[in-house]
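Here is a short briefing on one structure. Take a look at the model first, then read the points below.

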Amino acid sequence: MKQSLLFFLFACVLTLALRTSTATPSLFTNVHSFPLFNSAETGLHMPALGLGTGFYGEQNVPYSTYPECGAEPPGCGPNTQKAVYTWLTKAGGLRLDCANSYYNQRFVAQGIHQSLIDRSEVFILSKVGPTFPLGYNETINQTLDILQELQTTWIDLLLVHWPTMKHPGQSDVPKSSDPACNTTSPLTYNEKDCRLSTWSAMILLFELGIVRSIGVSNYNITHLQEMIDANLPLPSVNQVSFNPYNYRTGRADLQEFCQNNHIQLVAYSPLGVPDVHPYPVTYQNKTLTGMSPTLLQDPVISSIAKFYNRTEAQIILRWMHQLGVASNPRSMNETHMKENLDIFANPFTINDNDMMRIANLAQDTCDVDPDWYECVGNGNLP
Ligand SMILES: NC(=O)c1ccc[n+]([C@@H]2O[C@H](COP(=O)([O-])OP(=O)(O)OC[C@H]3O[C@@H](n4cnc5c(N)ncnc54)[C@H](OP(=O)(O)O)[C@@H]3O)[C@@H](O)[C@H]2O)c1
């Protein structure tokens, strides 16, 4: 315990020394970005569109399997490196959406290294958990590991990936030394205390300057309210599954709550994971009317795309941007990456009527309380 504390303090001193000896990190104010508030360095902005780096395996995993690199399936590393390199050098993207549990951060680092772009010009978002344990020391130790994997001395934005130790997609619950997060100790285990203890470590990392901003992911209003009630500094970001199919069925309320508390919402799976996630169009052997298997094939999105002379993906990403939501679509395709960023290079405005039509496309009864980010779309929409 004492040793790990000493190592931690040494790492902090080293971080600050290295930070001051390299180029000053950019505040990203000169690009299309959203300002970060709450627990964020003053003036820090987050580039509005990032590259998702989860799920670069060679084989698509079956529907409802967590679409991340997991235990590094074949192709995950090289594909990640190539995508990061392409994103930074060919498409001109700046933000990378990483996570400890994507198991590919070493390849993200290689992609950045290969790009020859200065670290200070790249906005790196990473996450602690959920295949790694939450808890006070665990959060600090994971962050040190992440720094090493990403070959960097600071993280621009660090998130708590999942609000509970018991991630529904995992059979093994990771073991934590933090009593509040130790699921094998029923007397001390308490999910709320575990979240708050983890958050205290995040605050320390922020105060020490190892991370420039901190946030959460997959948190619902209750989880965020806990932080307010505990009088803790609030996250600058909440990253959740967000797209037109789950906007009206859970996300609109969360967005309003976040806006009121200066928490920037970030959309993951913004395009509805079209390669992995066919939305059910039948339920109990009945065909559901008006349902589309993927967002990119939705007839309303297609007709709006035709009207604005843009692609379906651009309509969805621009709709999100106009709602004030940042996003990080995953892509291995240079044309798609450029197309996604083109909504800023060649901006257009979706009119109010079309914004409403997209918002009303809901066909998911999604994770109002985070249970599993895949959605069931059972047709019983409110
Ligand atoms: N915080 C969390 O719990 C969490 C959970 C899930 C995901 N995430 C993050 O969010 C990222 C994105 O989410 P996701 O991977 O689930 O799904 P997504 O971004 O909605 O979908 C990715 C798919 O969209 C395609 N695509 C991208 N741009 C396109 C375009 N312009 N036109 C047509 N197709 C396009 C990609 O194909 P191509 O490769 O062919 O372009 C890929 O098949 C992940 O990589 C990860 O970083 C976070």
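What share of the contacts in the protein chain with a separation of 6 or more do residues 24 or more positions apart account for? They account for 73%; two residues are in contact if their C-beta atoms, placed from the backbone, lie within 7 Å. This is a predicted model: local features need pLDDT of at least 70, side-chain atom pairs count only at pLDDT 80 or more, and totals for chains, interfaces and linings use all residues. Residues are numbered from 1 along each chain as its sequence is written.

**Overall make-up**

- The protein chain has 11 helices and 12 strands. Both are DSSP runs numbered from the N terminus: helices are H or I with at least four residues, strands are E with at least two.
- Of the 382 residues in the protein chain, 49% are buried. A residue is buried if 20 or more other C-beta atoms lie within 10 Å of its own, exposed if 12 or fewer, and partly exposed in between, with C-beta atoms placed from the backbone.

**Around the ligand**

- The ligand is surrounded by 31 residues, and the closest are G52, G54, A313, R330 and S331. A residue is near a molecule if its C-beta atom, placed from the backbone, lies within 6 Å of it.
- Helix α10 (residues 334-345) gives the most to this shell, with 3 residues.
- The shell has 12 nonpolar, 15 polar and 4 charged residues. Ala, Val, Leu, Ile, Met, Phe, Trp, Tyr, Cys and Pro count as nonpolar, Asp, Glu, Lys and Arg as charged, and the others, Gly among them, as polar.

**α9 against α10**

- The axes of α9 and α10 come within 9 Å and cross at roughly 40 degrees. Axes are lines fitted to C-alpha atoms, for helices over the stretch in contact, and angles run from 0 to 180 degrees between N-to-C directions.
- The crossing of α9 and α10 is right-handed. That term applies if the near helix is turned clockwise from the far one by less than a right angle, and left-handed if anticlockwise.
- On the α9 side, the contact uses A313, Q314, L317, R318 and H321. On the α10 side, H336, E339, N340, D342 and I343 take part.
- This contact has 3 nonpolar, 4 polar and 3 charged residues.

**α2 and its neighbours**

- Helix α2 (residues 76-91) packs with helix α3 (residues 105-115) at an angle of about 40 degrees, and their axes are 8 Å apart.
- α2 and α3 also make a right-handed crossing.
- G77, T80, Q81, V84, Y85, L88 and T89 of α2 meet F107, V108, Q110, G111, I112, Q114 and S115 of α3.
- The contact of α2 with α3 has 6 nonpolar, 8 polar and no charged residues.
- Among the buried residues of α2 are C76, W87 and A91.
- Those buried residues pack against β3 (50-52), β4 (95-97), α3 and α10.

**The kinked helix α7**

- Helix α7 (residues 244-260) has a kink of about 70 degrees centred on G250. The bend at a residue is the angle between axes fitted to the seven residues ending there and the seven starting there.
- G250 is itself one of the buried residues of α7, including also Y245, R251 and C258.
- Cover for the buried residues of α7 includes α6 (221-229), β8 (237-241), β9 (264-268), α9 (312-322) and α11 (352-359).
- Q255 lies in α7. It is partly exposed because 19 other C-beta atoms lie within 10 Å.
- Leaving aside neighbours within four places in sequence, Q255 is in contact with L265 and V325.
- H262 follows α7 and has a positive phi, near 60 degrees.

**Backbone exceptions in loops**

- Most residues other than glycine have a negative phi, and most peptide bonds are trans.
- The peptide bond from G129 to P130 is cis, with omega near -15 degrees. P130 sits in the loop between β5 (123-128) and α4 (136-149).
- N231, in the loop between α6 and β8, has a positive phi near 60 degrees. N231 is exposed because it has 6 C-beta neighbours inside 10 Å.
- N309, in the loop between α8 (299-308) and α9, has a positive phi of about 60 degrees. With 8 other C-beta atoms within 10 Å, N309 is exposed.
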